[in-house]
Amino acid sequence: MFDSQNSAGQGAVVLLALVLGACTQQPGDTANAPDPFEKTNRAVHAFNKAADRNVLKPTSEAYVQVVPQPVRDGVSNAANNLQQPLNFVNHVLQGDVEDAASSAFRFGMNTFFGVGGLADPADDAGLYDRPTDFGETLAVWGIDSGPYIELPIFGPSTVRDGVGLVVGFVADPIGWTELRDYSGYYIALETANVLQQRSDYARLIESLLYESADSYNAARIAYLQNRAASLNEGAPATDDLEDPYAFE
Amino acid sequence: MHSNDPTRRHVLTGGAALGLTLLAGGAQALSTNQASAFIQQVVDQTMSIVNSGASTDQALVQFEQVLARYGDMPVVARAVLGQPWRAASSSQQQAFVQAFQGYLARKYGREFREYRGASMRVSGASDQGDKGILVNTVVDLPGRQPFAVDWQVSDRSGATKLINLIIEGVSMLTTERSEVRAIYESNRSNLDATIQDLRKRG
């Protein structure tokens, strides 16, 4: 997976340009945005829901019950710490010097003073996580999201964010270092972190997946609008605001 | 009985026109400051319910009172239901507004119950023209990164009212339009059955 990352990375970027050139989408009006892959997406959604019900949810519940909290906190911190080099790269590509510096200092501080990333002294020092990804970098570069897609296991995404996810795997600086020999541990760590996150967001996931009348659409709207807001520094996209008085 | 008295009729018409002008003027005059003060009130009442020792059932009843008082429920319910609203009788419309209000209070009340121990502060407001005023609040919850809850406020019904709630970018109006449509369709496009269904949900 980490071999020949250069050519794979270039290939992905070329593919991306081809795919995104083909599908541009107007901003705003998330609810009525075209959903050309709806049929496939709904099939994947049904699969994801079954995977959550049968595997992820029970495993997550067991993980949280069996593994003591200090260990789980260490796992989450370590997983987060290993994301920082890639965050740094993306912040740089986005031209965001402040967040890039923050990711770099965070990584340095937690690696050297946080027992290799198991503790999070940076957080206590006010150096909070500034999460980002390659999908966001592409958005900053002015590339449209393209249509909505629901990926198996990874869940709600768009064409742009899905490509960003793949590029992120390939381009992860961790994979360029000797740490690549420990990729098995890395994957185990990430998996444990996913189990923790399923538990942290349990209420939201229950509500979206199991209490919604149309869980596919509920997840689609939640992803698209939340993503638009996070790309807009947390503020909802104002061109997506509705005027309820317009309907009489 | 004074309908033949031209002076009186003139005065009445003039008075009504003046009243309408004032209302219309008031509608344009809602400032970001007024909207922020209004939301501060809503936030204070909401958070006092969240952080009270009330049981979930009690809290959900209290949330519904806040929603009924501050929300423009007929307008929100109408916009969410869409086309079937136009074909509905007025008693069906009333029943739908009531059922939807209860459903919304339960669903979002449960969400707000998760904010126990949090503080919520007004952090800004912006004028969105016809779409009213968007008041931004930030929720600080121990052990979590601060996150945004935004409130859309308008006085186009004559009084200052809440018309939408946006949690971390996700709009209640957008979400619930999709949900209500799905519930309506699963009830074979029968509004009375949809109303019954909504009473059980949330």
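Let me start with helix H7 of chain B, where 12 of the 15 residues are buried, so that this helix is largely enclosed by the rest of the structure. Please keep in mind throughout that what we are looking at is a predicted model. The buried residues in H7(B) include B:Met172, B:Leu173, B:Val180, B:Ile183 and B:Tyr184, and the list also takes in B:Glu176, B:Arg177, B:Glu179 and B:Arg181.

What do the buried residues of H7(B) pack against? From chain A there is H10, and from chain B there are helix H4 (73–81), helix H5 (83–87), strand S4 (161–167), strand S5 (170–171) and H8. As for its length, H7(B) reaches 21 Å from its first C-alpha to its last, which is close to the 21 Å expected at 1.5 Å a residue. The helix is followed by B:Arg188, a residue whose phi is positive, near 50°.

That brings me to H8 of chain B, residues 191–200, in which the buried residues are B:Thr194, B:Ile195 and B:Leu198. If you look down the axis of H8(B), these buried residues fall within an arc of 100°, and so they line one face of the helix. As background, an α-helix has 3.6 residues a turn, so residues three or four places apart point the same way. On the other side of H8(B) we find B:Asp192 and B:Lys200, both of them exposed. The cover over the buried residues of H8(B) includes helix H6 (90–113) and helix H7 (172–186) of chain B. Just after H8(B) comes B:Gly202, which takes a positive phi of about 95°.

Let me now turn to the nonpolar cores. The largest one has 67 residues, and those that touch the most other members are B:Ile39, B:Val80, B:Phe100, B:Val135 and B:Val153. The element giving the most to this core is helix H10 of chain A, residues 215–230, with nine residues. To take one case from chain B, and leaving aside residues up to four places away in sequence, B:Val153 touches a set of residues that includes B:Phe38, B:Ile39, B:Val135, B:Leu162 and B:Ile163. There is also a second, separate core of six residues, among them A:Val75, A:Ala78, A:Leu82 and A:Leu195.

I will finish with the confidence of the prediction in chain A, where the mean pLDDT is 86 and 88% of the residues reach 70 or more. Over residues 1–9 of chain A, however, the pLDDT is below 50, and this stretch has 12 contacts in the model beyond near neighbours in sequence. Residues 21–27 of chain A likewise stay under 50, and for them the model has 11 contacts beyond four places in sequence.

Definitions and conventions
Residues numbered from 1 in each chain as written. Chains lettered and ligands numbered in written order. Predicted model: local features only at pLDDT ≥ 70, side-chain atom pairs only at ≥ 80, totals over all residues. Core = buried A, V, L, I, M, F, W, Y, C linked by C-beta atoms within 7 Å. Buried ≥ 20, exposed ≤ 12 C-beta atoms within 10 Å, placed from the backbone. Helix = DSSP H or I, 4+ residues; strand = E, 2+ residues; numbered from the N terminus. Contact = placed C-beta atoms within 7 Å. Arc of directions from axis to C-beta. Expected span 1.5 Å × (residues − 1). pLDDT = per-residue confidence, 0-100.
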